[in-house]
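Open the structure in your viewer and keep the selection tool at hand. The stops below say what to select and what is found there.

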Amino acid sequence: MSIDFHASENRSSYTGRSADKGWLKAMAEIVNPVGKNVIDIGCGGGIYTAGWAELGAERVMGVDFSQVMLETARENTAYLPQVSFHWGDACQTGLAAGCADIVFARALIHHLDSVDSFVAEVNRILAPGG
Ligand SMILES: C[S@@+](CC[C@H](N)C(=O)[O-])C[C@H]1O[C@@H](n2cnc3c(N)ncnc32)[C@H](O)[C@@H]1O
């Protein structure tokens with residue numbers, strides 16, 4: 001059975017650690033986020049949202065459909081002024097078209113009903129060239 005992301009007893013399931021140095025290095029080899037707007041969809045407790053800030057992103061927004069996860073993520077990243085959070089579904093974020101230079105999602109897509117809808121939403125919110 002899948003975890004209930006909305007249950008308060010699961011609020012700390014995706015916290016308690018930082019993004020691994022190997023992950024930071026791998027991302028930096030793929031894309032340069034310095035000065036960029038990054039959206040982290042299905043952000044959970046904000047581990048990788050914070051990771052993008054550490055990599056030099058100008059702004060990072062975590063998106064999640066669980067208010068419980070967002071609450072924890074806000075607490076864990078309060079020291080990062082460039083980080084913010086937004087409640088929304090991965091396939092219908094409510095964010096403005098073209099608002100993101102980089103869209104990231106980790107450990108999310110296997111939870112979605114429609115990967116096609118997610119990809120369409122990612123394409124919508126990516127800026128040209130993103
Ligand atoms: C396995 S956790 C991964 C969290 C984080 N990305 C990480 O790797 O630490 C999946 C996250 O996706 C969120 N999620 C699942 N389905 C979603 C949807 N349809 N829209 C937005 N968020 C969703 C959950 O609330 C949860 O926080």
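The tour below moves through helices, aromatic rings, pockets and cysteines. Keep in mind throughout that this is a predicted model.

**Stop 1: helix H2**

Select residues 47–54, which make up helix H2. How many of its residues are buried? Seven of the eight are, and H2 is mostly covered. The buried residues are Ile47, Tyr48, Thr49, Ala50, Gly51, Trp52 and Ala53.

Then step just past the end of H2 to Gly56, where phi is positive, at about 105 degrees.

**Stop 2: the aromatic rings**

The search of the whole structure finds seven aromatic pairs, and Trp52 with Phe104 is one described here by ring geometry. The ring centres are 5.5 Å apart and the planes stand at 70 degrees, so the pair is edge-to-face. An angle over 60 degrees is what counts as edge-to-face. Trp52 lies in H2 and Phe104 in strand S4 (residues 102–104), so the pair ties together parts that are 52 residues apart in sequence. Both Trp52 and Phe104 are buried.

With Trp52 and Phe104 they form one aromatic cluster.

Next, select Phe5 and Tyr14. Their ring centres lie 6.2 Å apart with the planes at 45 degrees, so this pair is tilted.

**Stop 3: the largest pocket**

Colour strand S1 (37–41), helix H2 and strand S2 to see the elements that give two or more residues to the lining.

Colouring the lining by residue type gives a further view. It divides into 15 nonpolar, five polar and six charged residues.

**Stop 4: the second largest pocket**

The second largest pocket holds about 210 Å³ of space. Select Arg17, Ser18, Ile47, Ala50 and Tyr79, the closest to its centre of the 16 lining residues. Which element gives the most to this lining? Helix H2 does, with four residues. By type, the lining has six nonpolar, eight polar and two charged residues.

**Stop 5: helix H3**

Move to residues 67–76, helix H3, and pick out Val68, Met69, Leu70, Thr72 and Ala73, which are buried. The buried residues of H3 pack against strand S2 (59–64) and strand S3 (83–87).

Zoom in on Thr72. Its relative accessibility is 3%, so it counts as buried. Leaving aside neighbours within four places in sequence, Thr72 is in contact with Arg11, Thr15 and Gly45.

**Stop 6: helix H4 and the cysteines**

Select Glu121, which is found in helix H4 (residues 115–125). Is this charged side chain's residue buried or exposed? Glu121 is buried, with a relative accessible area of 6%. Not counting residues up to four places away in sequence, Glu121 touches Ala90, Cys91, Gln92, Thr93 and Gly94.

A pair of cysteine sulfur atoms would have to lie within 2.5 Å to be counted. For Cys91, the nearest cysteine sulfur is that of Cys43, 15 Å away. For Cys99, the nearest is again that of Cys43, at 14 Å. Cys91 is partly exposed at 24% relative accessibility, and Cys99 is partly exposed as well, with a relative accessible area of 27%.

How values were computed: Residues are numbered from 1 along each chain as its sequence is written. This is a predicted model: local features need pLDDT of at least 70, side-chain atom pairs count only at pLDDT 80 or more; totals for chains, interfaces and linings use all residues. Side-chain values use heavy atoms; hydrogens and water are left out. Buried means under 20% relative accessible area, exposed over 50%, partly exposed in between (1.4 Å probe, protein chains only). Contact means heavy atoms within 4.5 Å. Ala, Val, Leu, Ile, Met, Phe, Trp, Tyr, Cys and Pro count as nonpolar, Asp, Glu, Lys and Arg as charged, and the others, Gly among them, as polar. On a 1 Å grid over the protein atoms alone, a cavity is a set of points where a 1.4 Å probe fits but cannot get out, and a pocket is an open set with protein on both sides within 12 Å along at least five of seven lines; lining residues have an atom within 4 Å of a point. Grid points are joined across faces, edges and corners, and a volume is the space filled by probe spheres set on the points. Rings of Phe, Tyr and Trp (its six-membered ring) pair if their centres lie within 6.5 Å; planes under 30 degrees apart count as stacked, over 60 as edge-to-face and the rest as tilted.
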